[in-house]
Amino acid sequence: MRDSIKVILFCFLLVIPFLTLACSQIKDYPTDLEQLSEDERLVIRFSHVVGEDTPKGMAARKFAELIKERSNGRIEIQVFSNGTLYKDVEELDALLRGDIQLIAPAISKLTDLVPELSVYDLPYAFNSLEEVHEFTESEAGNRLKDLLKMHNLIALSLWDSGFKQISNDIRPIEHYQDLKGIRMRIMQSDILAQQYYIVDAFPRKIDFNTVFQSLKKGDIEGQENTLTNITSKNFYSLQKYLTISNHGYLGYFLLFNLDFWESLSDEDRELITETLHEVQEWQWQLAEDLNDRRLQEIEECQCIQIYYLSEEEKKEWEEHFTPVYHYYTQHYGDYYIQNLPKYKYVK
Ligand code: LMR
C-alpha cells in the first residue's frame, strides 16, 4: 500500500513541469503576434498626403501607436504619409472602393462629393478654431457628416491644420486688390475658386503633392495654406511675400469606409472611437502650437517678407467676400451659413 502511494506521488511530481509549461504557453499565446492568423489581426490602411512632422502626420502616428498598444498589437494601423500610396483625389476613390480603410482629407477636397461642406471654405467663416469645433459638433455639423454617410463614408473626428495664409512671388499682398491677376493654387473646392474670382485673381486647382513643382516652374505664382504645410513642403523657399491673413480654415475629417466600419465588432469600434476622441483633443493643441512655432521660425529666418493683416483689414476683406456667401446660398441654401457660430448668436 505504502509503495503504491510512493509510486503515485512520484508520477505526480514528474507531471508537474509539463503541466506548468503547457499552462504558460496557453497564457502567452495571445500576446505573441506572430502566432495570430490574418483572420485574427485587423489591418487598417491609412493614407494621407502631408509630411510626418505636420499636425496630421503626427496625429496619424500617435493614433496608430495608441491603437496598437491598446489592442495588444491585434489592430495595426498602417500609415502611408506624403501621398506615397495615393494622391489627393486618388485616396478618396481608393477609400470608396474599399482598397484602403481610412483617410484624413482636407474638408475642401470632399466638396465635389458633398458641396454643402464648402461652408468650411468660406472666407472668414470662423473667428477661431474653437468656433470650427463648435460648428462641427453642432446639429448643422452633424447634418453635414450625415451627408457623407450617403456616400458610404463615416467621419469620426475632426483634425485641424489651422488657418490659411497667402504667399506669392509677385508683390506684397496688403490689400485684397493686390491679388489681382495672380495665378493662385487652391484645393479642389468651388468656393475657394469663387474667393479668388472676386478679387480678379486666377485660381488653379492643383494636387498638394505637385504644388512645389508648379511654383518652381512658374505655372502658379502664389498659393494659400497653413504655415505647417507651407514650411514642411518648403513652399516659402520659392516665394517672396507672405501675408498672415488667417482668411480660411483648413481641417480634416477622419473618414472610414462605412461598410468597413460596420463590419467591425462593437468592442473594436468603441476602442477606435474613444482613442480618436482623445487624439482629437491632443491634435487640436498640437496644430496651434506647431503653427505658432512655424511662424516664429519664419520670422526669425527673414527669408520671406511678411505682412500681417490688422483686425480692421480683416473685416474689410470679409466684407469684400460677401458675394462668395451669396454664391453658396444660391447653390446650397442658407441653413449651414446661418448656423455658423459668428451668425448664430447675432440677434
Ligand atoms: C492641401 O492640399 O493644401 C492640403 O489639403 C494638404 C493637407 O492635407 O493638409
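Good morning. A search of the whole structure finds 16 aromatic pairs. Let me say at once that this is a predicted model, and that every value I quote is computed from it.

I begin with one of those pairs. The ring centres of Phe-256 and Trp-261 are 5.1 Å apart and the ring planes stand at 40 degrees, so this pair is classed as tilted. Both partners are hidden from solvent: Phe-256 is buried, and Trp-261 is buried as well.

A second pair has another geometry. For Tyr-325 and Tyr-343, the centres are separated by 6.4 Å and the planes meet at 80 degrees; the pair is therefore edge-to-face. Where do these two tyrosines lie? Tyr-325 belongs to helix 12, residues 322-332, and Tyr-343 to helix 14, residues 341-344, so the pair ties together parts that are 18 residues apart in sequence. Tyr-343, with a relative accessible area of 35%, is partly exposed.

Beyond pairs, there is also a cluster. Which residues form it? One aromatic cluster consists of Tyr-120, Phe-126, Phe-135, Phe-163, Tyr-249 and Phe-253. Two of these names return when we turn to the nonpolar core. The largest such core has 97 residues, and those with the most contacts inside it are Val-119, Tyr-120 and Phe-253. Leaving aside residues up to four places away in sequence, Tyr-120 touches Ile-107, Phe-126, Val-132, Phe-135, Thr-136, Leu-144, Tyr-249 and Phe-253.

Lys-62 lies over the face of Trp-282, at 4.7 Å from the ring centre. In a second case, the charged end of Arg-143 is placed over the ring of Tyr-335, 3.8 Å from its centre.

Ser-189 is located in the loop between strand 6, residues 183-186, and helix 6, residues 190-197. Is Ser-189 buried or exposed? Its relative accessibility is 0%, so Ser-189 counts as buried. Ser-108 sits in another loop, between strand 3, residues 102-103, and helix 4, residues 129-137. Ser-108 is likewise buried, with a relative accessible area of 2%.

What links the two is Asp-121. The side chain of Ser-189 makes a polar contact with the side chain of Asp-121 at 2.7 Å. The side chain of Ser-108 makes a polar contact with the side chain of Asp-121, also at 2.7 Å. The serines touch each other too: setting aside residues up to four places away in sequence, Ser-189 touches Ser-108, Thr-111, Ser-118, Asp-121 and Lys-205. On the same terms, the neighbours of Ser-108 are Asp-121, Met-187, Gln-188, Ser-189 and Leu-192.

Gln-285 is part of helix 10, residues 266-301, and at 45% relative accessibility it counts as partly exposed. The C-alpha atoms of Gln-285 and Pro-55 are separated by 9.3 Å, although the two residues are 230 residues apart along the chain.

Asn-82 has a phi near 60 degrees, a positive value in a residue other than glycine. This asparagine lies in the loop between strand 2, residues 75-80, and helix 3, residues 88-97, and it is partly exposed at 29% relative accessibility. Asp-200 also has a positive phi near 60 degrees without being a glycine. Its place is the loop between helix 6 and strand 7, residues 202-205, and its relative accessibility of 45% makes it partly exposed.

I close with the protein as a whole. How many helices and strands does the secondary structure come to? The count is 14 helices and eleven strands. Of the 347 residues, 50% count as buried. Among contacts between residues at least 6 apart in sequence, 74% join residues at least 24 apart. The protein exposes about 17100 Å², of which carbon and sulfur atoms supply 51%.

Thank you for your attention.

How values were computed
Residues numbered from 1 in each chain as written. Predicted model: local features only at pLDDT ≥ 70, side-chain atom pairs only at ≥ 80, totals over all residues. Heavy atoms only, no water. Phe/Tyr/Trp six-rings, centres within 6.5 Å; stacked < 30°, edge-to-face > 60°. Buried < 20%, exposed > 50% of the residue type's maximum accessible area, 1.4 Å probe, protein only. Helix = DSSP H or I, 4+ residues; strand = E, 2+ residues; numbered from the N terminus. Lys NZ or Arg CZ within 6 Å of the ring centre and 35° of its normal. Contact = heavy atoms within 4.5 Å. Areas by Shrake-Rupley, 256 points an atom, 1.4 Å probe, with all protein chains shown as cover. Polar contact = N/O pair within 3.5 Å; in protein donor to acceptor, adjacent residues only side chain to side chain. Core = buried A, V, L, I, M, F, W, Y, C linked by side-chain atoms within 4.5 Å.
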